[in-house]
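Hi,

Here is the structure I said I'd pass on.

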Amino acid sequence: MKALEEKILKEGKVYPGNVLKVGSFLNHQIDVSFMEEIGKEFHSLFQNEKITKVLTIETSGIPVACFAAICFGVPVLFAKKHQTKNLSDDCYSTEITSFTHGNTYQARIEKKYLNSDDVVLIIDDFLANGCALEGLMDLIRQAGAKCVGCGIVIEKAFQDGGKRLREQGIRVESLARIAKMNDDGTLEFIKE
Ligand code: 5GP
């Protein structure tokens, strides 16, 4: 998506450890009209699927998932990273290793919100090593639901998550694919 690549080049900042910050439109402040375009793009990519639910993980996946879900007319379900009092014990749960924090945590969804009739589109902001997506797919498996694929805003294609998932036959659609992030703060996209 050309407009996304231009926005990343203009507003993104490369940090040590292969971290890209896009706080001006995706990870802190949300550019809602731009996110609306992103949502429409995911809708056009997956419009032939009979999606019943969009699944993401807190925090930054949620706004993107909402803009996609509104196009499909379905709810968004987000996996929670913390066991809180307002989350019941009747949950599907999976362990995920965080790329940005380097720790592992349990991601949970209440069983009542995902079942074997569901056809699920996973949406997330970034794809790096693929642990978040694999965790979400594990939750879908536990529920006996079907996953039609993953919609990603920014894939860091030099990390191996996307390759591993596609090799397993999973449909992964990334709107911007970064080939390389350089020490001088510049980055390059994969030319399609
Ligand atoms: P993965 O599980 O694929 O290694 O990492 C995906 C998750 O880590 C995403 O949900 C995202 O929140 C976070 N993440 C990975 N790489 C980056 C990055 O370069 N920048 C930001 N802002 N988040 C990232």
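Below is what turned up, starting with the ground rules.

This is a predicted model, so local features need pLDDT of at least 70 and side-chain atom pairs count only at pLDDT 80 or more, while totals for chains, interfaces and linings use all residues. Residues are numbered from 1 along each chain as its sequence is written, and side-chain values use heavy atoms, with hydrogens and water left out.

Six strands make an open sheet in the order 4-3-7-8-9-10, with mixed pairing. (Strands are DSSP E runs of at least two residues, helices are H or I runs of at least four, both numbered from the N terminus; two strands pair if DSSP finds at least two bridges between them.) Strand 4 (76-79) and strand 10 (187-189) are the edges: each has a single partner strand, so one side of each has no neighbour in the sheet. From one strand to the next, the twist averages 30° (axes are lines fitted to C-alpha atoms, for helices over the stretch in contact, with angles from 0 to 180 degrees between N-to-C directions).

At the strand 10 end, strand 9 (residues 172-181) pairs with strand 10 in the antiparallel sense over three bridges. Ile-178 has Phe-189 of strand 10 as its bridge partner.

Then there's the hairpin: strand 5 and strand 6, with six residues between them, and Gly-102 in the turn at a positive phi of about 75°. Strand 5 (residues 91-97) and strand 6 are antiparallel, over seven bridges, and Ile-96 sits opposite Tyr-105 in strand 6.

Cheers
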